[in-house]
Structure formats: structure tokens, C-alpha cells
Amino acid sequence: MERNELQSLQELKEEEKIKILDRASNGILEKENADFLIKLIDNAENKTEVLKISALGMTYKRTGFHFDVRLEKNEGQTIRYLKKNENLSFDQGGITHKLIIGDNYPALLNLLINYKNKIKVIYIDPPYGKDDLGEFAQTNYNNAITRDNLLSMLYLRLVLARQLLKDDGVIFCSIDDRNQAYVKCLFDEVFGEGNFIFSAPRVIKKGGKSTNTIAKNHDYIVSYAKNLDLMDNFSLDERNTDKFILEDEYVEKRGKYALTQTLDYSSLQYSKNMDYPIEINGKIFYAGSDYEKYLERQNGKHGNTDWVWRWSKSAVEWGIENGFIVIKNNRIYTKSYEKCRKKNGKNEIEYIEGKSYTTLSFLENENSNDNGKTELDLLLSKDNSNAPFKNPKPSALIINLLKMVSFGNMENNNDIILDFFAGSGTTGHAVLELNKQDGGNRQFILVTNNEITDLNPNGIALDVASKRLKRIMSGECYDKSKDFKWLEKNTPYGDSLEVSEIQSIASSDHSVFEKIDEKLYGKGFENIHDKIEWICKEFELTCRKIEGE
């Protein structure tokens with residue numbers, strides 16, 4: 001070996017030894033293991049051996065387990081972007097919710113463009129076993145969800161999910177008992193063990209699922225904060241009574257009240273229907289408190305983000321008549337009472353009692369898969385058959401999780417909820433129902449693949465999720481049919497749905513500047529040069545493999 005080659009080999013050894021020592025000093029590697037690896041590196045005969053030995057020290061995780069991280073197969077030559085599906089989207093005014101169809105990895109990368117640090121709650125129900133990832137599994141993991149593949153697949157997505165969460169955001173994950181311990185360790189790795197909130201059993205089926213050993217009644221919900229120290233009012237209690245300190249003429253029956261929020265706010269999705277003048281005691285109020293800006297918005301001079309009211313005009317009229325609205329410092333505020341709240345968003349008052357949550361709260365039958373199946377059958381079954389989806393989670397489960405975050409801090413009633421393993425669309429259903437219950441303005445973003453199965457010949461997104469959302473939001477399916485039992489006892493929720501699909505284009509294809517619709521990302525450009533600069537900056541990540549934050 002030439003002297004220069006020896007020198008180069010020695011330099012590489014020193015570099016890799018520094019990395020090993022650094023991991024040891026940070027507590028990632030045990031000192032004895034680090035010393036052993038350094039001894040092996042010192043005796044390596046070539047660069048390849050050095051790198052292989054060093055790699056052994058890189059695979060051990062802080063949490064005490066290891067797995068091989070398999071990077072996504074996009075080799076940096078393809079841009080993945082959102083394209084609106086005009087046939088599935090519909091506009092009914094109100095809040096515009098989102099459904100993204102496609103692989104959730106590029107979907108999360110696209111969401112980072114517009115939603116970094118903006119998501120309050122994430123709920124996921126990832127696949128646990130073989131064949132559950134369909135075409136994506138065949139492409140990336142040879143259709144075998146071994147534990148390494150499950151952890152590797154989740155690791156990359158959790159890294160992106162953490163970036164999407166607000167600093168006081170929360171993530172919930174449903175997982176089976178076989179994988180719970182490993183997935184919790186993975187969450188410890190990505191979110192930090194200090195941000196762990198709880199791991200709670202959730203009833204699957206009251207009678208239990210038959211096995212060769214013992215009937216299984218439950219799986220688990222694991223929950224983490226992005227930063228536990230910054231979380232506000234997450235006490236697992238529906239009503240934070242310490243907050244209700246003010247009194248008015250309703251105190252004897254309703255209890256004390258708190259000012260929960262201003263009625264106007266800068267929404268991520270501007271809606272003209274939610275931008276109107278309000279008259280109280282002869283004085284007229286405008287969202288944002290600026291009459292000239294109001295006139296500009298009415299004449300079309302507004303962005304996707306602009307001032308609107310949180311409540312519809314009819315809800316405001318009800319709120320004024322029933323004492324749920326008050327003027328303070330020339331702004332309109334809403335009230336939250338200790339013993340009551342709005343029922344169904346308007347027109348009725350519901351009197352309530354405090355309900356404390358515990359880690360055993362999810363063992364009630366309303367949280368079971370049986371309840372989820374009944375719910376979905378009312379929407380999608382035909383001729384008394386089963387809905388074309390196995391083991392759906394019930395909306396009651398997601399509602400209970402969201403209430404943990406919302407109650408005691410009514411500001412959270414206007415947050416964004418993300419589910420990037422959306423399946424049948426239960427999380428969207430839950431958000432709409434909870435908004436109806438408490439008058440909230442939460443927005444949901446769902447991501448689901450369009451896996452084709454025997455039950456779903458057109459794919460899960462087309463046969464299940466989109467149809468479910470269309471029916472509960474508008475009262476009819478895409479073919480205008482209304483022959484589903486859910487309508488017999490329920491009223492459509494309203495609101496609008498923007499459906500988009502993940503599309504691919506070669507990074508060298510200049511038509512990308514025409515095909516990417518910046519409006520789907522909340523942008524609007526006056527000239528093509530600004531759009532080109534934006535695309536070159538924001539879509540760089542969709543051309544690269546991710547190795548971590």
C-alpha cells in the first residue's frame with residue numbers, strides 16, 4: 001500500500017473514531033461497545049472495513065433497540081406534487097377540509113410546504129402486518145411488513161409528522177399489542193421519552209377476538225406531545241373549572257363563565273359566507289375590525305388567509321339572543337359556561353357535567369370496532385351487507401381524543417387535525433361531529449392511499465373514504481343517490497371538501513412550472529418568475545430521500 005493511501009486510510013479511521021466517541025459521550029453507545037468498535041477500526045485493513053465497522057455503531061438507538069432504516073425509493077429524479085381532483089371536490093361554503101389520495105410519504109412532504117408547525121393534533125392508525133400496505137408494500141418492502149419494515153416505514157413519517165405539529169401539538173397512535181412496545185420505543189426516539197403522555201388500552205371487541213391462546217379484547221393508544229412543557233390544559237378533563245370565574249345573569253343555572261376567544265380570526269381558508277357585518281346594540285362590527293379591509297374582501301381582494309367570523313350568521317344571532325356573545329375592548333368575544341354549552345352548534349343549550357378521562361376511559365364499548373362497523377354500515381352498506389372496509393375505528397374514539405385537547409381551551413376548537421393513515425375517513429367524520437357538538441371550526445386533513453382490494457375494486461379512497469365524506473357532508477353520494485340509512489337519523493354536516501392526488505413528474509421536465517397549482521398550497525403569484533423561484537425552493541425536498549430531521 002502506497003504511503004498516500006495509508007495516510008488516507010488513517011485519516012478515515014480518525015474521522016470514524018470521532019463519530020463513535022461522540023455517540024458514546026451522548027449516551028447513545030455504551031463506553032465498552034465504543035471502545036470495542038474503536039479497537040476494530042484501528043485494526044481494519046481498508047476503507048471498506050472501516051466504514052462497515054463504523055456502521056455498526058450507527059445502528060444502535062438511544063431507546064435500546066435497533067432496526068435497519070430503509071429509505072424511500074425516490075432517487076431524487078422525481079417531483080411529487082398535489083393535483084386537484086375536480087370530480088371528487090365540492091364547495092358548499094363553510095370550512096374547506098382536505099383529502100389527499102396517494103402515498104403518505106410524499107403527501108407529508110407536500111404538507112410541510114404550507115403546514116409546518118401548524119397542525120394541532122395528529123391521529124394515525126398504521127398497518128400492523130403483512131399485506132396491509134398493498135401496492136406501496138410491494139414496491140418498497142416486498143409486501144412483508146416485518147417489524148423492521150414497520151418501524152422503518154413509521155420512522156420516516158414520524159420525523160415529518162413532528163415537523164408539522166405545532167409546538168404545543170399532540171399525536172395519538174393506535175397500535176396492536178404485538179407491536180406496542182416497539183412502536184413506543186420508536187416514538188421515544190423521534191419525540192423524546194420526556195414528551196410521552198400516556199399508553200392506554202382501547203377495547204376492540206367486548207367479547208374478545210378468538211385466538212389459540214387467550215381472547216384479545218384490546219389494543220393500545222400511544223400519545224406524545226411535541227413539547228410537553230408547552231402544552232396547555234391537557235389535563236384529561238373535559239371541563240377545567242378553574243377557568244370559569246366570571247358571572248352574569250345566567251350564573252344560577254349555567255354557572256360561571258370564561259371568555260374563550262374572539263369571534264373573528266385570520267382563517268387559513270377565507271370564506272365569503274363567514275365574512276359579514278354584525279350589529280349589536282346599534283353598533284356594527286366587521287371581522288378584523290377594519291371596514292375598508294372588509295370592503296376590499298367583498299370585492300375579491302383577499303388571500304386564502306384573511307379575516308372571517310368563527311360562527312355562521314345564524315349562529316351569531318342565536319349567540320346574541322342567548323347570551324353567548326359579549327363585547328370587550330371593542331371586540332366580540334364568545335363565552336363558555338361552566339355547566340352548559342351550545343348543542344349542535346346552535347339553537348339549543350346542552351347542560352353538562354364534568355367528565356374526567358383516565359387511561360381506562362377507552363374500554364367503553366363506544367370506542368370499539370363493533371361500534372365503528374355499525375357506523376360505517378349505516379353509510380356504505382347495501383342490501384343489509386357489510387360496508388366494504390374491515391375493522392374501522394369509530395368516530396366516538398377520535399372525538400374522545402380530540403376532547404382531551406379541546407376542552408378547557410376553547411381556542412383549540414379552531415385547530416387543524418391530521419390523519420395520514422386515514423383509511424375509511426373516521427377522523428374526518430369525528431371532526432365534523434365534534435364541530436357540530438361544540439360549535440368549533442376545526443379543519444381536517446386526511447391522507448389515504450387508494451389500495452385496490454376485493455372489497456374495493458376502485459380503491460379504498462374512491463370506494464370508501466371519499467364516498468363517506470361526501471355523504472355525511474352533503475347528504476348525497478357523488479351519483480346523487482341518497483339511499484343510505486345514516487340519513488334517517490342524522491343531518492348532513494355541511495362544509496366543503498378539496499380532494500387532491502399525488503402526481504409525479506421528472507425533475508428535469510420544465511412543464512412542472514405549469515402543472516403545479518400553487519393555489520393548492522395557499523399561494524398566488526402575479527408572475528411566472530416568482531412561481532418558478534417558489535417551486536425550485538419548496539419542491540427540493542420531494543426530490544430527495546430523507547434521513548432524519
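Helices and strands are here DSSP runs, helices of at least four residues (H or I) and strands of at least two (E), numbered from the N terminus.

**View 1. Overall content of the predicted chain.** The model is predicted. By the above assignment, the chain holds 16 helices and 18 strands. Of its 549 residues, 52% are buried. Among contacts with a separation of 6 or more, 74% join residues 24 or more positions apart.

**View 2. The open sheet of 9 strands.** The strands follow the order β1-β18-β2-β17-β16-β3-β4-β6-β5, and their pairing is mixed. Strands β1 (78-84) and β5 (196-203) each have a single partner strand and stand at the edges, so one side of each is left without a neighbour in the sheet. On average, and with direction ignored, neighbouring strands of this sheet are turned by 20° against each other.

**View 3. Pairing of strands β3 and β4.** Strand β3, formed by residues 119-124, runs parallel to strand β4, formed by residues 165-175, and the two are joined over 5 bridges. Within this pair, Ile-119 stands opposite Leu-165 of β4.

**View 4. Helix α13 on the sheet.** Helix α13, comprising residues 426-438, packs on the sheet and touches β2 (96-101), β3, β16 (416-419) and β17 (443-448). The direction of α13 makes about 170° with that of β17.

How values were computed. Residues numbered from 1 in each chain as written. Predicted model: local features only at pLDDT ≥ 70, side-chain atom pairs only at ≥ 80, totals over all residues. Heavy atoms only, no water. Buried < 20%, exposed > 50% of the residue type's maximum accessible area, 1.4 Å probe, protein only. Contact = heavy atoms within 4.5 Å. Pairing = 2+ DSSP bridges. Axes fitted to C-alpha atoms, helices over the stretch in contact; angles between N-to-C directions.
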